[in-house]
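Student: I would like a close look at a single part of this model. Please take me through the place where the two chains meet.

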Amino acid sequence: MLSLDFLDDVRRMNKRQLYYQVLNFGMIVSSALMIWKGLMVITGSESPIVVVLSGSMEPAFHRGDLLFLTNRVEDPIRVGEIVVFRIEGREIPIVHRVLKIHEKQNGHIKFLTKGDNNAVDDRGLYKQGQHWLEKKDVVGRARGYYQENRSVEDRNCKLQV
Amino acid sequence: MPKMNTLLSRANSLFAFTLSVMAAVTLGCILTTAFKDRSAPVRLHVSRILLKKVEDFTGPRTKSDLGFITFHIYADLEKTFDWNVKQLFLYLSAEYTTKSNAVNQVVLWDKILLRGENPKLDLKDVKSKYFFFDDGHGLKGNRNVTLTLSWQVVPIAGILPLVTGSGRVSVPFPDSYEVAKAF
């Protein structure tokens, strides 16, 4: 019954009102797009907000949590930072912590990463024969965090462990 | 039929308003803890240093300097925890310069400290968790390897800052390699 009412409203609108509604919708979509693109420019990252996909950084980050990234290339990569990197030939970016860095005088850096919840470093994840990551593999660095709602039991259990 | 419409539209605008208010409150909560000083006093002490030259079995199989350090950590992190801190990720890192690399940093040990656990750390005779391989032979005779304890503050919602503790200790590595001694 509701849908019929709505269609009647549309039929009653003249062409001008219809165009106005379409334009209105277009404005909303463009505003959302502008905000997203603006975020991309400010942070310098192609994906300024990412969702955590795996449990390899637990108990800090769980699947479903949000991470806010920046990708300022001038910021030096240092140990302890959480970087989001992509391995050559693989689509899915990985969010892990930097474990080791060796930087030359000219700024060329090679570094090793490891997930907090993993027992070993990430060399098993890199390409065959690849021992280090470089600046070009970095998609962004985690600067902000938002925890997806979790049940109270989940939080309490973790504290008791 | 008109009554149902206004009820729905009222529910719709109420829902939208609730969402906006909740977002604003979350942002306000984040801002109250975003600029807090998360540093704390740290005391580090190194008790044993050993240097070997071994084929780096964790990665590129070249003979590299391998260091072994035993250390004590004392830190009081009670003031860093507040309602918006879920955990601290602590890590002890060694930083040094060599002929081939201007900046080297190696994490030797890390620990996750959840809110609710004892925030006063008094750890003695801790052995490094991760192998201290250099990219080459830069540890031999290196007098200026600095150990610092740092931590990453993981909030419930907000910024992820990295803080370095105030205490640091310099480790002088020996001029020659140990051949036989086991650590």
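How many residue pairs are in polar contact between chain B and chain A?

Tutor: The count between chain B and chain A is 21 residue pairs in polar contact, both residues at pLDDT 80 or more. A polar contact here is a pair of N or O atoms within 3.5 Å; within protein, one must be able to donate a hydrogen and the other to accept it, and residues adjacent in sequence count only if both atoms are side-chain atoms. This is a predicted model, in which local features need pLDDT of at least 70 and side-chain atom pairs count only at pLDDT 80 or more, while totals for chains, interfaces and linings use all residues. Residues are numbered from 1 along each chain as its sequence is written, chains are lettered from A and ligands numbered from 1 in the order in which they are written, and side-chain values use heavy atoms, with hydrogens and water left out.

On the side of chain B that touches chain A, at least two residues each come from helix H1 (2–34), strand S3 (85–96), strand S4 (103–114), strand S7 (145–155) and strand S8 (157–159) of chain B. These elements are DSSP runs numbered from the N terminus, helices being H or I of at least four residues and strands E of at least two. S4(B) gives the most, with seven residues. By class, this side of chain B has 22 nonpolar, twelve polar and four charged residues. Ala, Val, Leu, Ile, Met, Phe, Trp, Tyr, Cys and Pro count as nonpolar, Asp, Glu, Lys and Arg as charged, and the others, Gly among them, as polar.

In total, 38 residues of chain B are in contact (heavy atoms within 4.5 Å) with 37 residues of chain A. The two chains bury about 3,100 Å² between them, 57% of it on carbon and sulfur atoms; buried area is the accessible area (1.4 Å probe) that two parts lose on being put together, summed over both.

Between the chains there is one salt bridge, a side-chain nitrogen of Lys or Arg within 4 Å of a carboxyl oxygen of Asp or Glu. A:Lys110 forms a salt bridge with B:Asp135, and their closest N and O atoms are 3.1 Å apart.

A:Glu103 is another residue to look at. A:Glu103 lies in strand S4 (residues 94–103) of chain A. Leaving out residues up to four places away in sequence, A:Glu103 touches A:Arg78, A:His108 and A:Ile109, together with B:Asn101, B:Ala102 and B:Val103. A:Glu103 has a relative accessible area of 14%, so it counts as buried (under 20%; exposed is over 50%, partly exposed in between, 1.4 Å probe, protein chains only).
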